[in-house]
Amino acid sequence: MSVYKNEKRGTWFVSFRYTDWDGTRKQKKKEGFRTKREALEFEREFLKKQDGGTDMSFGSLVELYMEDCATRLRATTVANKQCLFDSKILPTFRSVAVRDITPTMIRRWQNSLLNDPAGYSQTYLKTINNQMSAVMNFAIRYYGLSKNPVVVCGPFGKKSASAMQFWTRDEFRQFIEYVKKPAARLAFELLFWTGMRSGELLALTLNDVDFENARISITKTATQLNGETVINPPKTPKSNRVISVPRFLLALIRDYADRLVDYEPHERLFYFTKHFLLYEMKAACKASGVKKIRVHDLRHSHASLLIEMGFDPLLVSERLGHENIQTTLQTYSHLYPNKQEEVSSRLESEEGENYTAFISNFEKK
């Protein structure tokens, strides 16, 4: 017998032996169950998970998947994944056997997300769906699942927003006049004029600023994990970069740093969070009358500014720290149509007269 009652506490516990993945015999004990049935169910599910078959519950599969992710991904990435599973996926599938999850069940789950009163964006819906697909692919690769029911259902959500939001220079100038807090004001100036990500901004130190050569080095990013700020390397290898900046921005940085009390150049310039930036942006948008955008859309605003100024897509890609130029072109392709018109206009102006003369002479013959 593996299930016992703790008479003193009035609860149940299990104690049993099992064979680990490497062939080692181990002892497992877990206490605190309210009923004998709950204790037995824990034992059964634990052994199913150890056997690695698709008759294990989806909840057990997610535990195995997250254990695997924890050895390969950043702690912040793992935490974000777990949060998404806990809130959007496990409430529906936790107790269902992996082999019993069908495309019909996936479709109904997707429909429930579409109809949720929260009104999730298409990009967020795709993020949720991608996590569900990833864990099912994990089951195919390592636990014998024959096919991915999420893939059978086809695409869900969208990779990018249908209408990108950004500010022009005039809109930004109108907005920034209503940002009164020095830290927030400098933060918005940096985001708009450099295109850096908000996490890169929050990790910035004075040592990252080269005042002589007018450059800022992006070498790290700041994220929140369990209420604490964690400093990590940038998002991708290409995100580790050096950005040239205008001199007026350097003057703003120097003035701000000089006002800080007991500040050391290796310390972060900003100790607030992204939520602070969001709050300040909403307040200034309301006061200024400028349309509301996300904090991340300041990055899009910078990219659109560079494109409008005629800079090459490769330069835009390098400045933003995209992994490849395809990302830049896919994200901002809708901003280039007017450039196509400029090409045809210049070709017409430079070669049009020659072809007009050619055609005229041809017709005379």
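**Exercises on a predicted model**

The lining of the second largest pocket divides into three nonpolar, four polar and six charged residues. Here Ala, Val, Leu, Ile, Met, Phe, Trp, Tyr, Cys and Pro count as nonpolar, Asp, Glu, Lys and Arg as charged, and the others, Gly among them, as polar. The model is predicted: local features need pLDDT of at least 70, side-chain atom pairs count only at pLDDT 80 or more, and totals for chains, interfaces and linings use all residues. Numbering starts from 1 along each chain as its sequence is written, and side-chain values use heavy atoms, without hydrogens and water.

**Exercise 1.** Describe the second largest pocket and find which helix supplies the largest share of its lining.

Step 1. Take the volume: about 350 Å³. A pocket is an open set of points on a 1 Å grid over the protein atoms alone, with protein on both sides within 12 Å along at least five of seven lines; a cavity is a set where a 1.4 Å probe fits but cannot get out; lining residues have an atom within 4 Å of a point.
Step 2. Count the lining: 13 residues, with E45, S57, G59, S60 and E63 nearest the centre.
Step 3. Assign helices. Both α1 (36–51) and α2 (58–70) give at least two residues. α1 gives the largest share, six. Helices (H or I, at least four residues) and strands (E, at least two) are DSSP runs, numbered from the N terminus.

**Exercise 2.** Characterise the largest cavity.

Step 1. Its volume is about 40 Å³, and the structure holds one cavity of 30 Å³ or more.
Step 2. Its lining is L191, M196, R197, S198, V295, H296, L298 and R299.
Step 3. By class, that gives four nonpolar, two polar and two charged residues.

**Exercise 3.** Work out the sheet order and locate its edges.

Step 1. The open sheet has three strands in the order β1-β2-β3, paired antiparallel. Pairing requires at least two DSSP bridges between two strands.
Step 2. β1 and β3 (25–33) each have a single partner strand, so they stand at the edges, one side of each without a neighbour in the sheet.
Step 3. Inspect β1 (residues 3–6) against β2 (residues 11–19): four bridges join them. V3 partners V14, and Y4 partners F13.
Step 4. Check the turn. β1 and β2 form a hairpin with four residues between them, and G10 there has a positive phi of about 75°.

**Exercise 4.** How are α3 and α4 oriented to each other?

Step 1. The axes of α3 (residues 75–93) and α4 (residues 103–114) come within 11 Å and cross at roughly 135°. Axes are lines fitted to C-alpha atoms, for helices over the stretch in contact, with angles from 0 to 180 degrees between N-to-C directions.
Step 2. The two helices are therefore oblique: angles under 35 degrees count as roughly parallel, over 145 as roughly antiparallel, 65 to 115 as roughly perpendicular and the rest as oblique.

Note on methods: Points joined across faces, edges and corners; volume = space filled by probe spheres on them.
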